[in-house]
Amino acid sequence: MRIISDMFQGVYRNRKVLVTGHTGFKGSWLTIWLKELGAEVVGYSLDPPTEPSNFAACALPDKITHIHGDVRDLDHLTAVFNRCKPEFVFHLAAQPLVRRSYAEPKLTFDTNVGGTVNVLEAVRLTPDVRVVIAVTSDKCYENKEFVWGYRENDPMGGDDPYSASKGCSELVFASYLKSYFDPARGGKAIGAASARAGNVIGGGDWGQDRLIPDAVRALTSNRPIVIRSPRAVRPWQHVLEPLSGYLRLGALLWRDPGHYRGSWNFGPGSEAGNLTVSEIAARFIELWGSGTIVEASSTEPSLHEMQALKLCCDKANALLGWRSAFQIDECLRYTVDWYKRFYSGCAAEQAYAACCEQIGQYVLRASGRAPGRTETESPTK
């Protein structure tokens, strides 16, 4: 699609881009977007974490260089870097589930912390890399459940293993940034950044213990949606929102690595995106056209999760010119539309086309060429 390929002044066209975690939900959408930007995409990841998956639904193994690999395997990862010689690296591979982190803390720390060390080590040892973006999570912050959003310079932390692993990953990134990727200290002159996003939703997500995938599984089997923390507040956003931020950040780092290095938040553009779990579930049902909600039984094991979490994105707004483009109801509508299309029996090329169509629609909205946008800055120009 021409509307997509012309974005970011063609920075990604014909560039070699390595994406870790490309078989996951966010990674698969990023891979599609990069592919449509004209990049030569190499994906490094384990098998898709779910069945079905957006990765398989869109037949991505046939469209990119797909490498089965574990970020915990430094030797294999380094060999792939040496062979493929990526110019951009987007690190998304992770163990992404809070509840699983309680059951498998070592796996979570090994993957999220050790995996980040390995990716940054491979970047350090590969002369071809000019930009690296390590994607973590809004849960990296020491969450005191403030009513205001966390800023990039707030302390890292986390009580549960997942949140702690993301805070640790950010500390690892900060160490590599200062020790190896800072020319003023004798390091490599590359653009290096970490990116922290809120709860992302969108078509093609079938992850366990996540609200929208749980809702889709329930609604497509005529069961009520079971929610565990109805009053928990999260910064909800469509998957294309943070991805547009990562891509814009990568393009700017390519041109001026020193000015845009560091950490960045990408979250919803207004308080309207900070809603409770029950509010999101109710709006999803309304758009789906049917369904009911029940709260999880009090007899189920209770695992502690923070009830409030918000992001402040002033830095990205002011310095990257990035803005959230969708209101929350649009995020939900795009998500419902994608799943309805998938469950109507669409083939792989139709699923891929559906993703490209939504990316194109997002670009029009973000650039102010489609109705509904109120901000003057474009996150994708």
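Started at proline 52, which sits in the loop between β2 (40–45) and α3 (54–57). My labels for helices (H or I, at least four residues) and strands (E, at least two) are DSSP runs, numbered from the N terminus. Glutamate 51 and proline 52 are joined by a cis peptide bond, with omega at about 5°.

Ground rules, noted before going on. This is a predicted model, where local features need pLDDT of at least 70, side-chain atom pairs count only at pLDDT 80 or more, and totals for chains, interfaces and linings use all residues. Residues are numbered from 1 along each chain as its sequence is written, and side-chain values use heavy atoms, with hydrogens and water left out.

**Sheet**

Next I looked up the strand order. Seven strands make an open sheet, β3-β2-β1-β4-β5-β6-β10, with parallel pairing; I count two strands as paired if DSSP finds at least two bridges between them. β3 (65–68) and β10 (262–266) are the edges: each has a single partner strand, so one side of each lacks a neighbour in the sheet. On average, neighbouring strands of this sheet are turned by 20° against each other, direction ignored.

Then I went into β5 (residues 131–135). How many of its five residues are buried? Five of the five are, buried being under 20% relative accessible area, exposed over 50% and partly exposed in between (1.4 Å probe, protein chains only). In a regular strand, side chains alternate between the two faces of the sheet. In β5, Val131, Ile133 and Val135 are buried on one side, and Val132 and Ala134 on the other.

I followed the bridges of β5 both ways. β4 (residues 88–91) runs parallel to β5 and is joined to it by four bridges; valine 89 has valine 132 as its bridge partner. On to β6 (residues 191–197), which pairs with β5 in the parallel sense over five bridges, valine 132 being partnered there by alanine 192. β6 also pairs with β10, again parallel and over five bridges, and alanine 193 has glycine 262 as its partner in β10.

**Helices on the sheet**

α4 (residues 74–84) lies across β1 (16–20), β2, β3 and β4, at about 160° to β3. α7 (residues 161–179) packs on the sheet too, touching β5, β6 and β10, and its direction makes about 165° with that of β6. Touching, or contact, means heavy atoms within 4.5 Å. Axes are lines fitted to C-alpha atoms, for helices over the stretch in contact, and angles run from 0 to 180 degrees between N-to-C directions.

**α13 against α14**

I checked α13 (residues 328–343) against α14 (residues 348–366): they pack at about 160°, axes 10 Å apart. That makes α13 and α14 roughly antiparallel (angles over 145 degrees; under 35 is roughly parallel, 65 to 115 roughly perpendicular, the rest oblique). Among the residues that meet are Tyr334 and Trp338 in α13 and Ala354 and Gln358 in α14.

**Leucine 240**

Leucine 240 is in α9 (residues 240–255) and is buried, at 0% relative accessibility. Leaving out residues up to four places away in sequence, I find leucine 240 touching Trp29, Trp33, Gln358, Ile359 and Tyr362.

**Positive phi**

Two entries for residues other than glycine. Aspartate 209, in the loop between β7 (199–201) and α8 (211–219), has phi near 60° and is partly exposed at 33%. Asparagine 222, in the loop between α8 and β8 (225–227), also has phi near 60° but is exposed, at 75%.
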